[in-house]
Amino acid sequence: MILAGKVALITGSTSGIGLAIARAFAAEGAKVMLNGFGDASQIQALCTELGALHDGADLSDPAAIEAMMARCSAELGPPDVLVNNAGIQHVSPIESFPPDKWDSIIAINLTAAFHTVRLALPAMRAKKWGRIINTASAHSLVASPNKSAYVAAKHGIAGLTKTVALEAARDGVTANCISPGYVWTTLVENQIPDTMQARGLTREQVINDVLLAAQPTKRFVTPEEIAAFALFLCRDEAGSITGANLSMDGGWTAA
Ligand code: NAD
């Protein structure tokens, strides 16, 4: 088992991509700490299914992140694998983009990863092994209209990833981004109404002409595909992959 004896902390793992990564890691023997919001009984069921712990830290709150990292270390051990995956979206032209939404997106999609990395790295360095995997996005490489905060945060996390990779390169710790195109999760589903309104389109037009318009494969990436790739990055054979922004976007950014 690839992750036997390893501790994996995956932020935003109560749904979507993070949950698929948590399932894949638990199946390979990792002790998993879940994080994210959701229905308490469903989260309890996930903990039972995966033999995992859950910490409900709000990642826009640095003190809550510190408490989550301390709890992970105390109850499971310091994370050997850190997946910064939690993310939110808001779609609006920049002139009417609510400043509080800007602040939340930057805090959750970018600043939270700064805090988890700075807190997780010392133990990884001490063990001479660690994996930092950040869920970025095709929007870490290219922009789309009406997503100013998200695109800024995702470009930011790509830069943070490269910097961490360089700082940790001699210590057996790799840091990479996985940059998906459109994945069918609640995050995508929830932005359909706003995009319908912003562009005056029907639901089908948003799916086919806006979302999948950019994706040459004309299908959504699956959370399971991303989880399998994340698992590969945890293998010892992936030890030379660091500082990379790894696209899984059905060819979007090749165009
Ligand atoms: P999702 O909405 O299914 O999952 C988001 C997770 O983040 C949930 O567990 C949620 O509870 C958690 N979360 C949200 N706010 C939080 C907060 N303040 N504190 C702690 N947890 C919080 O969405 P997803 O599509 O699985 O997104 C996961 C990541 O993938 C995000 O970073 C997103 O930007 C990225 N991504 C998604 C797509 C896509 O098409 N779905 C494409 C590229 C990148």
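The model is predicted, so local features are described only at pLDDT of at least 70 and side-chain atom pairs only at pLDDT 80 or more, while totals for chains, interfaces and linings use all residues. Residues are numbered from 1 along each chain as its sequence is written, and side-chain values use heavy atoms, with hydrogens and water left out.

Start with the sheet. Helices and strands here are DSSP runs (H or I, at least four residues, for helices; E, at least two, for strands), numbered from the N terminus. Strands of a sheet pair through backbone hydrogen bonds, either parallel or antiparallel. In this model, 7 strands form an open sheet with parallel pairing, in the order β3-β2-β1-β4-β5-β6-β7. Two strands count as paired if DSSP finds at least two bridges between them. β3 (53-55) and β7 (245-248) are the edge strands, each pairing on one side only. From one strand to the next, the twist averages 20°.

Several of these pairings can be followed residue by residue. Strand β1 (residues 7-10) runs parallel to strand β2 (residues 31-35), and 4 bridges join them. Ala8 has Val32 in β2 as its bridge partner. β1 also pairs with β4 in the parallel sense, over 3 bridges, and here Leu9 has Leu82 in β4 as its bridge partner. β4 is in turn joined to β5 by 4 bridges, and these two strands run parallel. Asn84 stands opposite Asn134 in β5.

In a regular strand the side chains alternate between the two faces of the sheet. β4 gives an example: Val81 and Val83 point one way, Leu82 and Asn84 point the other way, and all are buried. Buried means under 20% relative accessible area, exposed means over 50%, and partly exposed lies in between (1.4 Å probe, protein chains only).

Next come the helices. Helix α1 (residues 16-27) lies across β1, β2, β4 (81-84) and β5 (130-135), and runs at about 170° to β1. Such angles are taken between N-to-C directions, from 0 to 180 degrees, with axes fitted as lines to C-alpha atoms, for helices over the stretch in contact.

In helix α2 (residues 40-50), the residues Ile43, Leu46, Cys47 and Leu50 are buried. They cover an arc of only 100° around the axis, which puts them on the same side of α2; the arc is that of the directions from the helix axis to the C-beta atoms. An α-helix has 3.6 residues a turn, so residues three or four places apart point the same way. On the other side of α2, Ser41 and Thr48 are exposed. The buried residues of α2 pack against α1, β2 and β3. After α2 comes Gly51, with a positive phi near 60°.

Helix α7 (residues 203-211) has Val206, Ile207, Val210 and Leu211 as its buried residues. Seen down the axis of α7, they fall within an arc of 115°, so they line one face of the helix. These residues pack against α6. The axes of α6 and α7 come within 9 Å and cross at roughly 95°. That makes α6 roughly perpendicular to α7, a term that covers angles of 65 to 115 degrees.

Thr195 belongs to helix α6 (residues 186-199). With a relative accessibility of 5%, Thr195 counts as buried. Apart from neighbours within four places in sequence, Thr195 is in contact (heavy atoms within 4.5 Å) with Val91, Gly200, Val206 and Val210.

In soluble globular proteins, nonpolar side chains tend to be buried together. A nonpolar core is a set of buried Ala, Val, Leu, Ile, Met, Phe, Trp, Tyr and Cys residues joined through side-chain atoms within 4.5 Å. The largest one has 37 residues, of which Leu9, Leu59, Met68, Leu82, Leu121, Met124 and Ile132 touch the most other members. Its largest share, 10 residues, comes from α4. A second, separate core of 34 residues includes Ala22, Val81, Val83 and Ala227.

Two loop residues remain. Most residues other than glycine have a negative phi, and most peptide bonds are trans. Lys128, in the loop between α4 and β5, has a positive phi near 60°. Asn146, in the loop between β5 and α5, has a positive phi of about 75°.

Note on methods. Parallel < 35°, antiparallel > 145°, perpendicular 65-115°, else oblique.
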